[in-house]
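Thank you all for making the time this morning.

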Amino acid sequence: MLSLTRRVVVARNDPFQVFAALAQLTHCRRLLSNARPPQPTPKELKELLAALRKGVQDRRFDIKLSPSDVASYNNRLQQLRLALIDGALDKIVDVLDSFKKDKLIGLVRLQEWRELAYFVEDSLKKRHSVLDADSMPPESILEDLAVDAAAAFAGGNGEAAFALKFLLLEKLRRRDHQGALNLYHRWLTEAQMVGADMVHTEKSHQRIFTEPAQQLRAGDKDALAFSEDLSPEISSDIESQLEGTEIAHHYVMHSPGVLELHLCAMAAYYALDDLPGAVNTMVGVQISMRPPPVATFAQGLFTSQMVGSDYITGFIVFVENVRVARLIARPIALVNEVKSLATLHDANRVIALYQTVVQACHNAPTWTTPSASGHVFELRMLEPVWVEFFKAFSQMRLLPQVLDAWKEITVQGIERSQALWNVYLLALATCGKIRLVLLAWRQMVSEGLLDTVSYSTMLKQYVAFDLVDDAVALFNHIVHQDWRPTGPGSEIISEASRRQMTNIVIDGLLQAAAMKKDPAYLARAESVYNTLKKAGPGPDIFTHNAFLKYYTTIGDIAGAARRLKALSTSDLKPDGASFTIILQGLLKTKHPDPTKATLDLMAAFGVERTRPIFDMILQTIIGNDGTPFIELGMKLLDSMEIGAILPDERTYSIFLAGLFRQRSIRDEQKVQYEEEIRDRLARRNITIDLLSYNHILAACLEPAAIPTSFMVATGLRYFHEMIRRGVMPSSKGWQLVLSAVWLQQQNAHETMIVLDTMKRLGFRPDSRLGTLIERIRRQIRASRQNLF
């Protein structure tokens, strides 16, 4: 029988199950309990050694196991299983102690911990039975075993925590709230010790602020982005405020199955009216406390205690207060939460989160009784959290929330620092309120709160709102101040920042010269350029590109050529943007062969002809609207196909994406051009790849393109082609398709086909796509209910 069982288990390639199978044979139970545990065969020993070493590797235990160690471990594992079967309490305790002593307790499989939990739970139930109470072991030993079982795998498995939950609930029913908390904290500490390698800290989170962006092209409107305007000094200062606030906490990862253990602790804290203690405890726990399971737990626990509905409601509110206070007490987590909602562009959830945490800060003093707790419980949001909220509000143009947050900072007693003034100024500017921008700027000037970021921000706003003369006046003021801001502790503006400010002013003057056709602005721009050239720091390629853009905008190709000639005598070389600007100018002036002229110009500057160069030229040409530009793009493809540099898959996809973005070309013309490109792809045996498919989907379906029914149909055709070929769309691709078929066309049938396809392919959406899918499903359900 033994050899038969062994053969069965080995056939399953799981030597751990040998003695489990034997134990299930009831007629062998007495024999096994009295006999020496059977020894594994050499083959089983080898497999067991491999399994243990894999377990060691998976859990990153720094333990070297010899064959004798494995044999000893195997023997103790058998003894534990047999002791559990026979209910031998002393033997169970001894074996577990030996595992702990040799630091092998983390290698005991989950099945053993489950069986230990079941054993303890059964013993506890018998202790509360009149018949078995006297014959049962002391509760303290059962508590030790329950903590051992629940703490297995860093306390992350709910099935091994049944016994501990039974103990905690029993203490709560006996009103032993402090005893319940003591037992809970024993488990939490043990879980952290057992699973030290499964523990992480917030130190491993990504940096809160991105590094300062590379210097922008002069006058670039995208310079309104916050991450580009925060100086390294301010970023470091803000980030330093978070150092030490959270990294001391070890966040134990838990499965949802152990949520009720934490809720038992919350019930004890609630009974003791100790919200600060609950918050301090839960800050170190990584688990979601959603309202539905909390309400279910409260109904099950308190209904049996014959308490009123007000007590149950109070507990639910208590847990919600803990959840919000825990979020505020973990500023890095709160910053990341705001950042993720801003990425989703979910204005409603950002506003709701802001209102929740602000309300929590207001209500915190009323959550505890000062006479009982000895102090008033206070909550305040740190400066980096306010910065992130300002960024989110400005990104979604939520001016009322920007103004409310600025007032709330004062209410909470937060000092309006230089960094907060800067992000507030940027938020007002992004919302397009120049009057409020000017009012904030005057107050910053009066309080002497100006630094490099402040000056750069205001220069950009003056240019953006067509107040070039004010920008020049501010720039001259900075120069007369010897490039030293008036803010406290401000240092002399760096050369890179000086060059950037100068480029902003030059670009603003050149824009005004082109729009107003006033040569005086050009003369002033040349004057600033000469000052920059003489006094330093010298101009960069962005400075020259600003002049190139001015000349090509007014159609003065000769002026652009003079600027290029001046550039050739310097240490600088034109970049890709320089040649793109020249090509756009040639296209605007209807040059007979703009492609050849641009390529010859590149050759004069020593730029080698490569496929990326041709792709850049094609993208510039096809980006203009009209049949002549499509024909010019086809001509470029013809020349490439007979030349040394052949077009590849990306080249053709650039043409297709540009074709579908055309507005003035009829749909039937687009079909003809598309068929021609697809024929060329087929002749050269080239297939479209994932990246190009996504670009084509974006060209057809992105909201900025205001897609027509023809474009939506074309986008869906390419989407289904991807699926047939086994090419998985990106999250952005799925999002574009769903937005087109439901949000624009309200086509529920096609929408469900897309959702079913995603499910069938096993695609896991990111948070933004997941939010969209949930929203679409809700709307579809609502629309179907309205039909009936």
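This is a predicted model: local features need pLDDT of at least 70, side-chain atom pairs count only at pLDDT 80 or more; totals for chains, interfaces and linings use all residues.

Let me start with leucine 743, which, if we leave aside its neighbours within four places in sequence, is in contact with Leu738, Leu772, Arg775 and Gln779. Leucine 743 sits in helix H38, which covers residues 731-744, and with a relative accessible area of 33% leucine 743 is partly exposed.

Taking the chain as a whole, the secondary structure comes to 40 helices and three strands, and of the 788 residues 50% count as buried. Among contacts between residues at least 6 apart in sequence, 69% join residues at least 24 apart.

As background, nonpolar side chains in soluble globular proteins tend to be buried together. In this chain, the largest nonpolar core has 224 residues, and those with the most contacts inside it are Leu116, Trp187, Phe315, Met381 and Phe390. The largest share of this core, 10 residues, is contributed by helix H13, residues 259-271.

Now to helix packing, where two packed helices are described by the angle between their axes and the distance between the axes. In the case of helix H18, residues 347-363, and helix H20, residues 383-395, the axes come within 11 Å and cross at roughly 150°, which makes H18 roughly antiparallel to H20. H18 passes H20 in a left-handed crossing. On the H18 side the residues are Val350, Leu353, Tyr354, Val357 and Val358, and they meet Trp386, Phe389, Ala392 and Phe393 in H20. By class, this contact of H18 with H20 has nine nonpolar, no polar and no charged residues.

Let me set beside that a second pair, helix H27, residues 519-535, and helix H28, residues 541-553, whose axes come within 12 Å and cross at roughly 165°. H27 and H28 are therefore roughly antiparallel to each other, and their crossing is left-handed. From H27 the contact draws on Leu522, Ala525, Glu526, Tyr529 and Leu532, and from H28 on Thr543, His544, Phe547, Tyr550 and Tyr551. Which classes of residue make up the contact of H27 with H28? There are seven nonpolar, two polar and one charged.

I would also like to point out two backbone positions, bearing in mind that most residues other than glycine have a negative phi. Arginine 397 has a positive phi of about 55° although it is not a glycine, and it is found in the loop between H20 and helix H21, residues 399-411. For asparagine 685, phi is near 55°, again a positive value in a residue other than glycine. Asparagine 685 is found in the loop between helix H35, residues 667-683, and helix H36, residues 690-701, and at 69% relative accessibility asparagine 685 counts as exposed.

I am happy to take questions.

Definitions and conventions:
Residues are numbered from 1 along each chain as its sequence is written. Side-chain values use heavy atoms; hydrogens and water are left out. A nonpolar core is a set of buried Ala, Val, Leu, Ile, Met, Phe, Trp, Tyr and Cys residues joined through side-chain atoms within 4.5 Å. Buried means under 20% relative accessible area, exposed over 50%, partly exposed in between (1.4 Å probe, protein chains only). Helices (H or I, at least four residues) and strands (E, at least two) are DSSP runs, numbered from the N terminus. Axes are lines fitted to C-alpha atoms, for helices over the stretch in contact, and angles run from 0 to 180 degrees between N-to-C directions. Angles under 35 degrees count as roughly parallel, over 145 as roughly antiparallel, 65 to 115 as roughly perpendicular and the rest as oblique. A crossing is left-handed if the near helix is turned anticlockwise from the far one by less than a right angle, and right-handed if clockwise. Contact means heavy atoms within 4.5 Å. Ala, Val, Leu, Ile, Met, Phe, Trp, Tyr, Cys and Pro count as nonpolar, Asp, Glu, Lys and Arg as charged, and the others, Gly among them, as polar.
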